[in-house]
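Please read the following explanation with the model open beside it, moving from one local feature to the next.

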Amino acid sequence: MSVPGIRPFRKPLAACCTALVLGASLTACGGASTADPDAKEITVYSADGLKSEKGDGFYDKVFQDFRKKTGIKVNYVESGSGAAVQRLARERANTKADVVVTLPPFIQQADGKGLLDTYRPKGADQVAAADKDPSGKWTSIVNNYFCFIYHKKQLKQAPTTWQDLLDAKFKNKLQYSTPGVAGDGTAVLIKALHDFGGQGPAMTFLKKLQANNVGPSSSTGQLAPKTDKGELLVANGDVQMNYANQKSMPNQGIFFPAARPGAKPTTFALPYAAGLVKNAPHRANAEKFLDYLLSPEVQRQVSAVGGGFTSRKDIKPTDPNATQLAAIMKNVEIFQPDWSDIDKNLTSYVEAWRTATGS
């Protein structure tokens, strides 16, 4: 996928993995739903990265403005991408969520498990075909790209290749979130499969890299503060999240390791994709919310407030964030993963990773 124009990002927001406490009616896992279908509310299960601890993030503004316009309150539950889908599956008999927002390949996984319903939000016709489900089960609301981050004070320059990360100076100073659990962690696996040319060589490298790896992390957002403080020298992330929080975490820099010396750095699109949950307790409210997320008003805020890339082809942001993001993505080769293959074989890829790394 090519970078669709200049995509801006949002104001600093720390991507934490803290869920709001929503009360027993939202967390119970059995029996009949107690949700009032006429209540002026919805519940959103989302991957981390779009909400700020300081209250100035993309979600913070969107939720507040949506309630002002419609009277509908948004109850928010945050987790890793895989965890959000797992929770939907556990609650299948007593659905709590109305909307899920997660990264590939977990949005495809949710669809494959029959957890999503068909709904094409207004404005979805302006979203590129690669960024939405052809059957209308999900649509990208914020485009994004996978990246790594490094501590700029202790490292004079960013690592340039995967092989650089094997250096002994990174022992217990490198960490990436867990594949199969975190969306960005799964992205590490996807990029390795691409850059090294298949499962065998990718696992051989990741086995070597394990000597420097601190260990598992269920959420990528937890790694940025550690990198900013210098507890880590290198971690994984995504451009939107890490660009957005650079104002509050100025010591982290963004980079894209190349497959080998002399090769171009690579990445791939990793959009936040939203879908209507099947048997959503507040379907009508959820549809209004999905429409609002894709509205021109909100899509212009994706860069200016959220530090991300708009999903709509007809929105051409020109704010300062957009210019800086374009500079970050300059000369980076963007490849298109085979999401159908990844969705089909994700379990076997993750098992191969576990075997290789002893995780």
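Pro105 is found in the loop between strand S4 (99-102) and helix H4 (106-112), where helices (DSSP H or I, at least four residues) and strands (DSSP E, at least two) are numbered from the N terminus. A cis peptide bond, with omega about 0°, joins Pro104 and Pro105. This is a predicted model, in which local features need pLDDT of at least 70 and side-chain atom pairs count only at pLDDT 80 or more, while totals for chains, interfaces and linings use all residues. Residues are numbered from 1 along each chain as its sequence is written, and side-chain values use heavy atoms, with hydrogens and water left out.

Most residues other than glycine have a negative phi, and most peptide bonds are trans. Asn172, in the loop between strands S7 and S8, has a positive phi near 60°, and at 48% relative accessibility it counts as partly exposed (buried means under 20% relative accessible area, exposed over 50%, and partly exposed in between, with a 1.4 Å probe and protein chains only). Asn331, placed in the loop between helix H11 (320-329) and strand S15 (333-335), has a positive phi of about 65° although it is not a glycine, and with a relative accessible area of 54% Asn331 is exposed.

A straight helix of 19 residues would span 27 Å at 1.5 Å a residue, whereas H12 spans only 24 Å between its end C-alpha atoms; the expected span is 1.5 Å times one less than the number of residues. There is a kink of about 65° in H12, centred on Asn345, the bend at a residue being the angle between axes fitted to the seven residues ending there and the seven starting there. The buried residues of H12 include Trp339, Leu346, Tyr349 and Trp353, and what covers the buried residues includes helices H4, H5 (183-196) and H6 together with strand S11 (266-268). H12 is followed by Gly358, whose phi is positive, near 70°.

Trp339 also belongs to an aromatic cluster, whose other members include Phe146, Trp162, Phe205 and Phe335. A pair of aromatic rings is described by the distance of the centres and the angle of the planes. The structure holds 19 aromatic pairs, counted for rings of Phe, Tyr and Trp (its six-membered ring) whose centres lie within 6.5 Å, with planes under 30 degrees apart called stacked, over 60 edge-to-face and the rest tilted. The rings of Trp162 and Phe205 have centres 5.5 Å apart and planes at 75°, so this pair is edge-to-face. Because Trp162 lies in the loop between S7 (146-151) and S8 (174-175) and Phe205 in helix H6 (residues 199-209), the pair ties together parts that are 43 residues apart in sequence. Both Trp162 and Phe205 are buried.

Which side chain does the side chain of Asp131 meet in a polar contact? Asp131, in the loop between strand S5 (116-117) and strand S6 (139-143), is buried with a relative accessible area of 3%, and its side chain makes a polar contact with that of Asn143 at 3.3 Å (a pair of N or O atoms within 3.5 Å; within protein, one must be able to donate a hydrogen and the other to accept it, and residues adjacent in sequence count only if both atoms are side-chain atoms). Val142, in strand S6, is buried with a relative accessible area of 1%, and beyond four places in sequence Val142 touches residues including Leu50, Phe58, Tyr272 and Phe309, a contact meaning heavy atoms within 4.5 Å.

His282 lies in the loop between strand S12 (272-277) and helix H9 (283-293) and, at 3% relative accessibility, counts as buried. A polar atom of the His282 side chain lies 2.9 Å from the backbone oxygen of Asp36, and the residues touched by His282 include Ala35, Pro37 and Asp98.

The mean pLDDT of the chain is 89, and 91% of its residues reach 70 or more, pLDDT being the predictor's confidence in each residue, from 0 to 100. Over residues 1-32, pLDDT stays under 50, and the model has 130 contacts for these residues beyond four places in sequence. Where pLDDT is low, the predicted coordinates should not be read in detail.
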